[in-house]
Amino acid sequence: MMQAVSNKKSTLKSSNPSNGSEGFTTLLVGATGLIGIALLEQLIRDPAVLKITVVSRRPIEAARLGSPSELTKLHLIVASLDELDQVLEHTNADVVFCTLGTTIKAAKTKEAFRKVDYEYPLTLARFAERTHASLFSVVTAMGASSSSRVFYSRVKGELQDALVKLSIPQIQIFQPSLLLGERALSRPGETFGAWMSKGLQFAMVGRMRKYRPIKGEDVARAMLHAASRAIKMKSADAASTTAGMHYYPSDKIAELVVNTTG
């Protein structure tokens, strides 16, 4: 349950370009997934984003994501995520985004799943802490809980619990319901679940609203909006359970998206 934010102030920073306008630099890991590719495109097109460093396990066709002038701020590092600490040794960013995520079926084993959904994101969060980033933004899942009997949800919850212990001025955790959108790799189970949920959206009101499926691009839009707002305001303004720790279930993500479109 969302609770009122603590009065403790965050110490968010922002970069200042030569023209005097406010802007910030970013690091993104997970740019080839449904949410990640949408977020990358939005970062490229956002004039407030001064630099984008992307670490990816495979090349990204970025030419279609922005104009030649916009793409000059993109720096792509193709490397194994097992080498995150090494490849990021001389990197820093105001905002660190993590949109990594897989399934047990795709990962093949629980160990491989845990590496993608727990170990890599936590390594990235520790990088954000070590380099004094202002904000760490990550996607987990609806129902994430370290006490869950469901392995998927339990691993996501364990990540959230680990993040609470880090000293990062602000951490934003996005917990979407079933995701809508075209994926590079098909997930039949999710596709069927999203189809069923989409047909029942009219009944998902009140407390059930958070169970509505949501577009991956909308999650990305909400992540960028929340990060931009935090940088501009220099303080937390979303409900959280601890100072600087903010949770966004699907209904709150949808509200953020509405704010971006007026």
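On a 1 Å grid over the protein atoms alone, a cavity is a set of points where a 1.4 Å probe fits but cannot get out, and its lining residues have an atom within 4 Å of a point. Rolling a probe the size of a water molecule over the atoms shows where empty space is left. The structure here is a predicted model, in which local features need pLDDT of at least 70, side-chain atom pairs count only at pLDDT 80 or more, and totals for chains, interfaces and linings use all residues. Residues are numbered from 1 along each chain as its sequence is written, and side-chain values use heavy atoms, with hydrogens and water left out.

By this rule there are three cavities of 30 Å³ or more. The largest cavity has a volume of about 60 Å³, where a volume is the space filled by probe spheres set on the grid points, which are joined across faces, edges and corners. Its lining is made up of Val29, Gly30, Ala31, Thr32, Val55, Ser56, Arg57, Leu81 and Leu100. Of these residues, five are nonpolar, three polar and one charged. In this division Ala, Val, Leu, Ile, Met, Phe, Trp, Tyr, Cys and Pro count as nonpolar, Asp, Glu, Lys and Arg as charged, and the others, Gly among them, as polar.

The next topic is salt bridges. A salt bridge is a side-chain nitrogen of Lys or Arg within 4 Å of a carboxyl oxygen of Asp or Glu. The whole structure holds eight salt bridges. One of them joins the side chains of Asp82 and Lys115, at 3.6 Å from N to O. Asp82 lies in the loop between strand 3 (74–78) and helix 3 (84–87), and Lys115 lies in helix 5 (residues 110–130), so the pair ties together parts that are 33 residues apart in sequence. Helices (H or I, at least four residues) and strands (E, at least two) are DSSP runs, numbered from the N terminus.

Helix 5 also holds Asp117, which pairs with Lys156 of helix 6 (residues 151–164), so parts 39 residues apart in sequence are tied together. The closest N and O atoms of Lys156 and Asp117 are 2.5 Å apart. Both Lys156 and Asp117 are buried, whereas Lys115 is partly exposed at 32% relative accessibility. Buried means under 20% relative accessible area, exposed over 50%, and partly exposed in between (1.4 Å probe, protein chains only).

Within helix 9 (residues 250–260), Lys252 and Glu255 lie three residues apart, about one turn of the helix. They form a salt bridge with closest N and O atoms 3.9 Å apart. Lys252 is partly exposed at 29% relative accessibility, and Glu255 is partly exposed at 43%. Finally, Glu217, Asp218 and Arg221 are linked in a network of salt bridges.

Note on methods: 1 Å grid on protein atoms, 1.4 Å probe; cavity = no way out; pocket = protein on both sides within 12 Å on 5 of 7 lines; lining within 4 Å.
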